Amino acid sequence: MSFWRQAFEIARKDLLVESRTAEVALMTVPFAAVGLILIPLAIGTDAPLLTDLGPGLFWVVVLLFGVLVILRKSAVDGGPQRDLVRLLGIDPAARFAGATLATSLLVLLFEVLLGPVVIALYNPALDGWGWLFIILPLVATGMGLLGSLTGGVTTSLGTRTSLTPLLIAPLALPLLLGATQALESLERGRSILPWLALLAAVDLALAVTGVLAARPLEEAII
Amino acid sequence: MTAKTLVTLEDVGLRVGNTVILRRAKLTLEAGEKIGLLGPNGSGKTTLLRLLATLIRPTSGHGTVLGARLGTDDVFAVRPGIVMVGHLPGLYPELTLGENTRFVARLAGRAPASADQALAAVGLAGAAGRRADQSSKGMLRRTELARVLIIEPRLLLLDEAHAGLDAEAVGLVDTIADRVTSAGGCAVLVSHEADRLEVDRSLRVTDGAVEEVS
Amino acid sequence: MKFLRTRWLEVTALLVVGAAVVRGVTVAADVTQGDVQRIMYVHVPAAWLAFLAFGVTVVGSVAWLRSGKPHWDRLAASSAEIGVVFTGLAIVAGMIWARPVWGQFWTWEPRLVTTALLFFIYLGYLALRRAVIDPVERARRSAIMGIVAFIQIPIVYQSVNWWRSLHQTSSRNSIDAPLRVTLWLAVLAFTFAYAVMLRRRLELSLLEAALELRQLEGSQAVAGAAVVAPSLEKAGHHG
């Protein structure tokens, strides 16, 4: 069975589990939406301010609340399930790829569902919105990769839910800057490409590390 | 060691965290053997099973499983020939029994139809649409036995082989183990209750060693 | 003489640190900033050590993954611990420096932001180490996290740098020659101090490992030994 076929099967299983629990769509998205309502109540509700802050807040919420997508139930296999997949002879890198694919698609869903909330509440400027078709998936992929990597090192640890956000948040900074500054560069008449390249570079570096680390990591867990 | 030898452990030591599970353990399993594995609670039966499944590496000594040396990357190639049924179910609770079984069949490179046949063979054709977390312990165990029918392993490792099963299902465990051994494989059944096991020979894990029980 | 032979590193470190302190206090102060500028002799070397220490951590991590020898893991862990301390020192010194010069504790200077993130990245690394009990499992997981973190650091730095250049221009001043000599001396002193601390920490972790092993052998912790036949008489009777 080919690498991508294995990865696809793993991703399909993760998404099927997610479709039953509906954690992202029915729990994480509403929670993040409440967050977007709370922020203006704390910092002020005048329209020009919110228009300015809207895009930045969207990305902060995506990266911070997005950690909940990474921590969701369907991303976590218990010991018996890990044993099952290992004994089926799945390439650990294919498992990494499959888990990343599933998480990335769910982060993308999270972004897409949260977008209208930001537009409705903050009325942000939407110049150059077409670029979002590239930026949103690049950020979602980065989050998916960070999720699988940190998921790997925190597997079966009791403190996983507290440890994962600490490991992810500082490393997610380039994703935040890449996403926010890309559109701001457009506004200032500068090239958007360095920022897109930054996002792509982050994704690439994480993907290479993840694939190389997949086997030693899987074999480390007792 | 003969051509029919499937598993050997030579002076294998195994330590998990601060606990010594095995000290210089010796073991040989031949093709066609049905083995009982006994031992009191916490003696390391489950951990030994996971060692035999190549899922943990020995801390010292040598061993081979299905021709692959333990602790080397050779084990990746032989894993698809091993089925382990642990005391906790290797199933995804949110998926149905049918989905769980088809997931295994697809990843093992078998036709999805073989999954349905296997479920029918263990008497669960009518429960394929039921979620695993809505099923009884006996049903989960039967679903896992269906996995043995799909994969047709050379090495079958059954933890708590008869725990929580009705008389019908106990018979099923023995039939499935016999299928594996008559096809030239080896089956290891862990149990607390020695008298319920119908096996060729029994081993006991005590004080870090594996001993033959007469 | 035996003392000098075994403790030459400590003695040298003491001499260099002493020289750096004397030089740092006596060299002419910066013309515009006055004495406050002297904190640079702590801030800059501490930041340098942060990078050096985490560089050593990644070397230890890679070497452990290749060889599986426990001393590489001990090197990675020891260096990260010291690195976190110096990263914290660099941030605090930077803030003390910034307050009188810029009127606020924090500036969004790229190196400062990156250093702060570095601090949290390695706090996470140490938290991960703490969370895993089995030594081999701990070594493997933290080696991979150490490498992931290290690869991301240049990207983090570059992203903050670009972000800054979009918002304001860089304000880097060149510094005078006597000050630069002092700065280099301070860097040398900090590096020696790091080497001493690393050596002591490694000695300590060797003792820790030996203690762990002795407890293990002493307790005869064979699986099953902790479970004995139940005896209900010991529970006593109530009522």
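Predicted model: local features only at pLDDT ≥ 70, side-chain atom pairs only at ≥ 80, totals over all residues.
Strand 1 (residues 5-16) and strand 2 of chain B run antiparallel, with eight bridges between them. I then traced the whole sheet: it is open, has four strands in the order 2-1-4-5 (chain B), and pairs antiparallel. Strand 2 (19-30) and strand 5 (68-69) of chain B are at the edges with a single partner strand each, so one side of each has no neighbour in the sheet.

Helix 1 (residues 45-52) of chain B lies across strand 1, strand 2 and strand 4 (60-65) of chain B, and it runs at about 125° to strand 1 of chain B.

Then I went to B:Thr143, which I found in helix 5 (residues 137-151) of chain B. Buried or exposed? B:Thr143 is buried, because its relative accessibility is 3%, under the 20% cut-off. Leaving out residues up to four places away in sequence, B:Thr143 touches B:Leu91, B:Leu97, B:Thr101, B:Leu119 and B:Leu124.

Last, I turned to helix 8 (residues 173-187) of chain A. Its 15 residues reach 21 Å from first C-alpha to last, close to the 21 Å expected. Even so, I noted a kink of about 30° centred on A:Gln181. A:Gln181 is also among the buried residues of this helix, as are A:Pro174 and A:Gly178. Eleven of the 15 residues are buried, so helix 8 of chain A is largely enclosed by the rest of the structure. After the helix comes A:Gly189, with a positive phi near 70°.

Note on methods
Residues numbered from 1 in each chain as written. Chains lettered and ligands numbered in written order. Heavy atoms only, no water. Helix = DSSP H or I, 4+ residues; strand = E, 2+ residues; numbered from the N terminus. Buried < 20%, exposed > 50% of the residue type's maximum accessible area, 1.4 Å probe, protein only. Contact = heavy atoms within 4.5 Å. Pairing = 2+ DSSP bridges. Axes fitted to C-alpha atoms, helices over the stretch in contact; angles between N-to-C directions. Expected span 1.5 Å × (residues − 1). Bend = angle between axes of the 7 residues up to and from the residue.
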